Amino acid sequence: MDFMSLYRDCNLCPRSCGVNRLGRGANGREGFCRENHQLRIAYIGPHFGEEPPISGERGSGTVFLTGCSLRCAYCQNHQISKQGLGHPMDLDGLVERAMDMIETHGVHNINFVTPDHFFPHVFQCVISLREQGYSLPVVYNLSGYQSLSMLRIGAPYVDIYLTDFKYGDSGLARRLSKCRDYPKVALEALSEMVRQKGFLDVCENGNRIAKRGVLVRHLILPGEIENSIGVLTTLFLEFGAALPVSLMSQYYPALPMEDEELNRLLTPDEFERVYTHALDLGFENLFVQFPEQNKDESTHAPSFVPDFRLEKPFSPKNQNPLPKF
Ligand code: SF4
């Protein structure tokens, strides 16, 4: 299949903009994600801030792509998702940088962060890496708002889905991410991911480093605790208590928010209510990021919020192999 033709009449994500992103330079049109066919990359390097089975001792080999098909109002990576920070890179350059990262750092996997709007390049990159003999697991780090047809086309080029489930409340999804259909779309997408890969294998067979499967993430938003409780209930009812779930408390108002509640951090009481609900439901494979882990003790800055203007965008705390979940 000529993957690059998928940029024509673009339906790579459920926004289904239908624009032709092909063409030279600015001639390629941009859709909601604000990216044409020119691949742009914000950061390539080992990252230690993912869950322990993904980061391990040597880090997850992250590739942060510029742009995003969801563009949430509160995005913690807004520099790359909304402000376009990143450098153009062709496919050969991407493959070369990925191989260099693997050889230099011995990362446990290749982790494409928000890859869906550049799936054609990502699929081709994975094929090239495998042709060169690299067989380490491929992670798609996703928003959860995915096209079923693209998940099916991409299935041979991924091993691990590290996917968000952000909203059970369609009004909240519309207000913060301009996609009222998120709960329905994300549920169908997650079902497809589980059908393809099953649950994360570390939870089933005691491996330390994940090789395959699905891990669902949920970021708790301040003032939106009912949304989180609804998400957890839905996940439990649809997939059962064995579904691996990662509960994240790192929310930080990275941008001034119209919604006053989102201009603050999560309170301990809010976190406790959601965490207690997850325990009450009986999730057996729960990764938990406790609020006290979110600050860098030396700078008091939020340690999970990256700055992609820096050569090393992540806090020193996240440059070290800290199994904090
Ligand atoms: S990838 Fe971008 S252009 Fe394509 S459908 Fe999604 S938002 Fe629209």
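Biologist: Two strands pair if DSSP finds at least two bridges between them. With that in mind, which residue in S7 stands opposite Tyr-161?
Modeller: Val-214 does. This is a predicted model, and in it S6 and S7 run parallel, joined by 5 bridges.

Biologist: And which way does S6 pair with S5, parallel or antiparallel?
Modeller: Parallel, over 4 bridges, with S5 covering residues 138-142. Leu-142 faces Thr-163 of S6 there. Between S5 and S6 the chain passes through helix H5 (residues 148-154), a right-handed β-α-β crossover.

Biologist: Is S6 itself enclosed or open, and why?
Modeller: It is largely enclosed by the rest of the structure, because 5 of its 5 residues are buried. Ile-160, Leu-162 and Asp-164 are buried on one side, and Tyr-161 and Thr-163 on the other.

Biologist: Which helix lies across S6?
Modeller: Helix H7, residues 182-197. H7 also lies across S7 (213-219), running at about 150° to that strand.

Biologist: Zooming out, how many strands form the sheet?
Modeller: 9, in an open sheet with mixed pairing, ordered S3-S1-S2-S4-S5-S6-S7-S8-S9. Its edge strands, S3 (87-88) and S9 (286-288), each pair on one side only.

Biologist: What about S2 and S4, parallel or antiparallel?
Modeller: S2 (residues 60-65) and S4 (residues 110-113) are parallel, with 4 bridges. Gly-61 sits opposite Ile-110 of S4.

Biologist: Different topic. Which residues are closest to the ligand?
Modeller: Cys-10, Cys-13, Cys-17, Gly-31 and Cys-33, out of 13 that surround it.

Biologist: How many in that shell are nonpolar, polar or charged?
Modeller: The shell has 7 nonpolar, 5 polar and 1 charged.

Key: Residues numbered from 1 in each chain as written. Predicted model: local features only at pLDDT ≥ 70, side-chain atom pairs only at ≥ 80, totals over all residues. Near = placed C-beta within 6 Å. Nonpolar A, V, L, I, M, F, W, Y, C, P; charged D, E, K, R; others polar. Helix = DSSP H or I, 4+ residues; strand = E, 2+ residues; numbered from the N terminus. Contact = placed C-beta atoms within 7 Å. Axes fitted to C-alpha atoms, helices over the stretch in contact; angles between N-to-C directions. Buried ≥ 20, exposed ≤ 12 C-beta atoms within 10 Å, placed from the backbone. Right-handed = clockwise from strand over helix to strand, strands pointing away.
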